[in-house]
Amino acid sequence: MAFGVKREELEAWKRKVAEGEIAFLTHYWFEPRFPGVKTITKVGCADLRKLADWCTRHGLNPAYIHERRPFPHFDLIGDKQPEILRLEGQWEQLERFGMA
């Protein structure tokens, strides 16, 4: 279940994904299968090759890409989440969700 994302943010993420950009959307998240995990970042891109290359560059397995059209994405959680958000310069999301 997702919390803490505004409609405008979601619409901007969808637009960027559809245009073939790598786009980031972080929100609060509750999933009993992942105790202790409070946030998730959806890293999306309609260009699956580009998204797979992005995963590989960050040491992530592209097999975990959710190929859900029209918004394919990789769910970034756990210790890698703040690490990669820092590398990608996603400072606003890091600060807003207490990962800075």
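## A tour from ring to core to pocket

Start by selecting tryptophan 13, which is buried, with a relative accessible area of 8% (buried means under 20%, exposed over 50% and partly exposed in between, using a 1.4 Å probe and protein chains only). The model you have open is predicted, so local features need pLDDT of at least 70 and side-chain atom pairs count only at pLDDT 80 or more, while totals for chains, interfaces and linings use all residues. Residues are numbered from 1 along each chain as its sequence is written, and side-chain values use heavy atoms, with hydrogens and water left out.

**Aromatic pairs**

The whole structure holds four aromatic pairs (ring centres within 6.5 Å, taking the six-membered ring of Trp; planes under 30 degrees apart are stacked, over 60 edge-to-face, the rest tilted). Tryptophan 13 sits in helix α1 and phenylalanine 71 in the loop between α2 and β4, 58 residues apart (helices, H or I of at least four residues, and strands, E of at least two, are DSSP runs numbered from the N terminus). Phenylalanine 71 is partly exposed, at 24%.

Next, pick tyrosine 28 and phenylalanine 97. Their ring centres are 4.8 Å apart and their planes at 65 degrees, so this pair is edge-to-face. Tyrosine 28 is partly exposed, at 37%, whereas phenylalanine 97 is buried, at 6%.

**The core**

Now select Val43, Trp54, Cys55, Leu60, Ile65, Phe74 and Leu76, which have the most contacts inside the largest nonpolar core, a set of 16 residues (a core joins buried Ala, Val, Leu, Ile, Met, Phe, Trp, Tyr and Cys through side-chain atoms within 4.5 Å). Helix α2 (48–57) gives the most to this core, with four residues. Zoom in on valine 43: among the residues it touches are Ile22, Leu51, Trp54 and Phe74, leaving aside residues up to four places away in sequence (contact means heavy atoms within 4.5 Å).

**The pockets**

Select Phe34, Ile40, His66, Asp75 and Ile77, which lie nearest the centre of the largest pocket. Its lining has eight nonpolar, one polar and four charged residues (Ala, Val, Leu, Ile, Met, Phe, Trp, Tyr, Cys and Pro are nonpolar, Asp, Glu, Lys and Arg charged, the others, Gly among them, polar). A pocket is an open set of points on a 1 Å grid over the protein atoms alone, where a 1.4 Å probe fits, with protein on both sides within 12 Å along at least five of seven lines; lining residues have an atom within 4 Å of a point.

Finish back at tryptophan 13, one of the residues lining the second largest pocket.
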